[in-house]
Amino acid sequence: MNNKTSSQINWETVIGLEIHTQLKTKSKLFAATNTAYGASPNTQVSFLEAAIPGTLPVFNEKVLRYAIRFGLAVGAKVIAKESTFDRKNYFYPDSPKGYQITQLNQPIVEHGTLTIQDKNGNDKIIRINRAHIEEDAGKSVHENYANYSGIDLNRCGTPLIEIVSEPDLSSAKEAVAYMKEIHTIVTHLGICDGNLQEGSFRCDANVSVRPKGQKELGTRTELKNINSFRFVEKAINIEIKRQIKLLESGGKITQETRLYDADKNETRPMRSKEEANDYRYFPDPDLLPVVIDQAYIDAQKQYIPEFPAAKINRYTQELKLKVDDAKIIAYDKPLSAFFDATVKQLVKAEPKTAANMLLGEYSALLNSKDALIQDQNITDIQFTGLIEALAEGKISHKIAKIILEKMWASGSSADDIIKQEGLAQVSDSGELESIISEIINNNQSQFIAYKEGDMKMFNFFVGQVMKQTKGRANPAQVKSILEKS
Amino acid sequence: MEFNGIREIASALHTKEISVQELHDIYHQRQYSKADELNCLINITPELAKQQIQSSQALIDSNQANILTGIPIVHKDLFCTKDHHTTCGSRMLENFVSPYDATIVDNLNKAGMVTMAKANMDEFAMGSSNENSYFGAVKNPWDVTRVPGGSSGGSAVVVASGLSPIATGSDTGGSIRQPAALCGVTGIKPSYGRASRYGMVAFASSLDQAGVFARSAEDCSIVLSKMCSYDAKDSTSAQVKQEDFSKNLNQSIKGLKVGIVSEWMDSLPEDIRNTTTQAIQKLQDLGAELIEVELPTAHLAVSAYYVIAPAECSSNLSRFDGVRYGYQCENPVDLNDLYVRSRTEGFGDEVKRRIMVGTWALSAGFYDAYYLKAQKIRRLIAQDFSKAFENVDVIAAPVSPETAFEFNAKKDPVSMYQEDIYTIPSSLAGLPCMSIPIGLVNELPVGLQLIGHNLQESIILNVAHQFQQITDFHKQVAEGYYE
């Protein structure tokens, strides 16, 4: 008998995630059928997906390459030299063959790792048990049909990799951090479009609680098909609460699949144990084992990009960017591609200058035009020219913004625009001195006030100089001349 | 008018002795007069034949014909034929019209053959007597009170009764060889992977293989050469070049090493054993050397087969759910009722029995003891054969422990399964094998099985052809058939 009262028990949460990642291939896992999302129901269905008698699956090799790239990205200890497909048997209309082709015994990827930050900001390694290839099912459509269900087989046979973590996650926040990190990896690899709304990236969570210090895991429940980061956090938290409440009132957790209802913010059982399926897995006799050599795996390494975590390190350590700026750029794939291309071309300018312009003026311009950086309305070459001109003191920051807009419209280089529009900064001391002495002459009373120590008047004179030069005067020089006047 | 094989028909066509239309009229007439009493055809397909007759005649007229141009063929009704019924001998697919051609059908169409009909068969190729067809039992032309064997019984009977010179069949555990033996025709199952399975409705994917029935080894070799091809649509297709299996037919078999499994010979009833021994003696007369081989694991083959084949079938037949095509029960109350009643009413007893056995064998807790163990036995049997083929070129063996038996003679499924004790081992090993007629016992045909090593079809065909050069057993026909 445990003599502790319930309120004295410290509960510990254990979470493992299964993430279904739809792969961005043009055709399906075992047929040359189009996979594009959003087509009219049942227009992207071949004889195979409709399970017409006599049809056979033929493995889409692109899927193998994508799965291997994921394995390499998470440092998997095992990328199987021989990988096999198994049938998972169950009856449901959205799976017309009566079985799903998946990988049970010899998955393509095993034993990877991923680093997230725990609540104290420390690195925490999450182990990935496996990632296996499988086919997606079709969709049941329950709206629009009184007493019937509709079936749309367009999604049926779309390639997935299911990424299964070890139960290393200790909170809903960590689960979300892990899920986001996987999302970052698959989208940066370009193997998944990462669209949660369209179901390209879906998550099941296995959740259990146990008294702190207890070795054995508590009975877990599986939360199915949670389709946003926000809901993952909410669903897990509400489930943890439910389990603790149940245990503290002397109840027992039933091992079951539960569905998260976002409207009511509650989880409820999806199917009971009595209806639990025996999937009768066995090796698919229609498919031979996939045999891969090391050279094939090595050939995929060139497709592994620098991931955000590494990028942030490089940006802050080597390029001296502020951490916050580094993060913003690193997690945005097109932005970091543009930034990296720019940094490579810089001669005199500091990367920091480029980052500031990128996150400041250029981002604002993109927003106002409702455009994307990857559209290259301004190329990284043009942008570099601008940053260099700024660093060389050819133009002021203010002018840079004007040039940016002119670049957008004309497509010309910064140097050309500076020349054509006469926007070069006036740094010639002689010219500036004569402009300043003229202004002083015309504003004697203000000059006396300035000399008597009224610093507002200092700004007045800077403003006058800028007005006269249409902003082209080198501010530092103006200051030093004024100070000496 | 009777022809002695494809070469004679082709010659008659090419010399305009007969037109393609006239040739087909002869066979169609026979089909219409005899098919009903033998119940060997499910559908006669003149609409399929019409265009092929015209196009093959055009090729002949322009001297572009090859040996198979215009030659009639009947397909077992589990090969998909585009825009035509493909029933698998089942109520489940009684009204199923295939939207495409099976690869082997396509290959033979391209070779110029003319599809005349679809042959009756045991439902979904499950059976050894052809009593399991939804369209009724097929009768053996040698004695219509007896079975033709199965599951390709319709195809064997079509050739045995002269309704077509050629028929396709499929063989999972003996479904070509056993009916060939019981009906006195020549039938070959090539190595697993030789013929594409695309468009052949699956029973047990790891075992199913298409093959040919004809009146001679030579005819089999000519058709098989065109039927087999590497097919990217079938992942288990063997990546080998298309081969002319008739190239070695005329080679002498002098010095060829023929393996004999004496355990199998000893287990035969005396009359069948004598006939078989005499046939093997003929091979010796041709100069072959007889060598004893041992297949120590083969006695476990039937048990292993009846785990593996039902396991695969239980999964393969899941697609027949009454939803998209095929039989659908009336007024289902819900999804589960639709599944249960469509399948209960759409499938026959033997199919349901095997689905149940397979489902059970794959169930959690039984998988290791049954399915995995059966796979292990399968590997051991394949090793037995590999070892045997280190010492011999071909194995000569019985096909069936008995001649054609009477309808309803085997009410116990297990006694029916024992029909295949000599054919299943080579199926499990994926080897090429065939049955050739070697005479009659009590007026009923007996066959000899020739088993070759992997991809050695041309060797067994060579032996069969040489045997048929010095014997007439393959020319014997049942009384009342062939005019």
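**View 1. Helices H5 and H6 of chain A meet at a crossing of roughly 140 degrees.** In this predicted model, the axes of H5(A) (residues 308-317) and H6(A) (residues 323-331) come within 9 Å. Helices here are DSSP runs of H or I with at least four residues, numbered from the N terminus; axes are lines fitted to C-alpha atoms over the stretch in contact, with angles from 0 to 180 degrees between N-to-C directions. The pair is therefore oblique, a term for what is left once angles under 35 degrees (roughly parallel), over 145 (roughly antiparallel) and 65 to 115 (roughly perpendicular) are set aside. Look for A:Pro308, A:Lys311, A:Ile312, A:Tyr315 and A:Thr316 of H5(A), which meet A:Val323, A:Ala326, A:Lys327, A:Ile329, A:Ala330 and A:Tyr331 of H6(A). By class, this contact has eight nonpolar, one polar and two charged residues (nonpolar: Ala, Val, Leu, Ile, Met, Phe, Trp, Tyr, Cys and Pro; charged: Asp, Glu, Lys and Arg; polar: the others, Gly among them).

Residues are numbered from 1 along each chain as its sequence is written, and chains are lettered from A in the order in which they are written. Local features need pLDDT of at least 70 and side-chain atom pairs count only at pLDDT 80 or more, while totals for chains, interfaces and linings use all residues.

**View 2. Helices H8 and H10 of chain A pack at about 45 degrees.** The axes of H8(A) (residues 351-369) and H10(A) (residues 397-410) are 10 Å apart, and the angle makes H8(A) oblique to H10(A). On H8(A), the contact uses A:Met357, A:Glu361, A:Tyr362 and A:Leu365; on H10(A), it uses A:Ala400, A:Lys401, A:Leu404, A:Glu405 and A:Trp408. Six of these residues are nonpolar, three are charged and none is polar.

**View 3. The largest nonpolar core has 208 residues.** A core is a set of buried Ala, Val, Leu, Ile, Met, Phe, Trp, Tyr and Cys residues joined through C-beta atoms within 7 Å, where buried means 20 or more other C-beta atoms within 10 Å of the residue's own, placed from the backbone. A:Ala175, A:Ala205 and B:Leu450 have the most contacts inside this core. Its largest share, 10 residues, comes from helix H10 (residues 301-316) of chain B. A second, separate core of 34 residues includes A:Ile312, A:Val343, A:Ile395 and A:Ile399.

**View 4. Chain A touches chain B.** Here 25 residues of chain A are in contact with 31 residues of chain B (contact: C-beta atoms, placed from the backbone, within 7 Å). The chain A side divides into 17 nonpolar, three polar and five charged residues.

Technical notes. Helix = DSSP H or I, 4+ residues; strand = E, 2+ residues; numbered from the N terminus. Contact = placed C-beta atoms within 7 Å. Buried ≥ 20, exposed ≤ 12 C-beta atoms within 10 Å, placed from the backbone.
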